[in-house]
Amino acid sequence: MIELFFSAMALGFLFNATPGAIFTESLRRGLQGGFSSALYVQFGSLVGDLTWALLGLGGVAALFEIAAIKMPMALFGGLLLAWLAFTSFKDAARKAPSSKPDLKKDDRSDLIVGAAISLSNPINLTYWVGMAGTIATLGVKEPTGISFMVFLCGFMLSSILWCFICAGFIGIVRQTINQKIWVIINLFCGLGLAYFSYQVLVNAFYF
């Protein structure tokens, strides 16, 4: 079980370190609000990670193949990412923020956006369905409920640690930013979010 736990942690770091919509939005908001903004987006994404993990390991993936469920979620997720891309392009035209974040900023919006992006992406469910089979290859010949819980705990622990690592990195980048870098990063984030929006919508309608 110890080996399974640390294997889950390693897979969790790899999963979270892969650049995606969550990292892109964390970077975009972190450049404006600093460490705390990036951290709250990351924390919000944990809501989706845990939800999809429980659904995937619980074997309810088949429900999300039903068009009446899959399509509205994909449409919401795609439009949300498109709106965030548009916002990022708008931010590129603004002046770079001060290196000191606004101490009065309400972080709830960052938390909500992180959760919304993660929850509206049922592709994560596919990952967890695959993980249910992967556990057997990590030294557990006959996976049980306890095995799944140990794996989930290891994965979520690494996800929590990654929240601080990612936000810390973004906080450091923010200290060295100038107007040119601000514009480049926001344009990059906008293009990235637009790409993820396109992928979500195409996968929903054509696959």
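Q: Where is Thr176 found?

A: Good place to start! Helices are DSSP runs of H or I with at least four residues, strands are E runs of at least two, and both are numbered from the N terminus. Here, Thr176 sits in the loop between α7 (145–175) and α8 (179–206). A word on the source: this is a predicted model, where local features need pLDDT of at least 70, side-chain atom pairs count only at pLDDT 80 or more, and totals for chains, interfaces and linings use all residues. Residues are numbered from 1 along each chain as its sequence is written, and side-chain values use heavy atoms, with hydrogens and water left out.

Q: Is Thr176 buried or exposed?

A: Buried means under 20% relative accessible area, exposed over 50%, and partly exposed in between (1.4 Å probe, protein chains only). Thr176 counts as exposed because its relative accessibility is 57%.

Q: Which helix holds Thr24, and is Thr24 buried or exposed?

A: Thr24 belongs to helix α2 (residues 21–33). With a relative accessible area of 7%, Thr24 is buried.

Q: What is Thr24 in contact with, leaving aside its neighbours within four places in sequence?

A: Contact means heavy atoms within 4.5 Å. With those neighbours set aside, Thr24 touches Cys189, Leu193 and Phe196.

Q: How many helices and strands does the protein chain have?

A: The protein chain has 8 helices and 0 strands, in the order α-α-α-α-α-α-α-α along the sequence. Of its 207 residues, 44% are buried.
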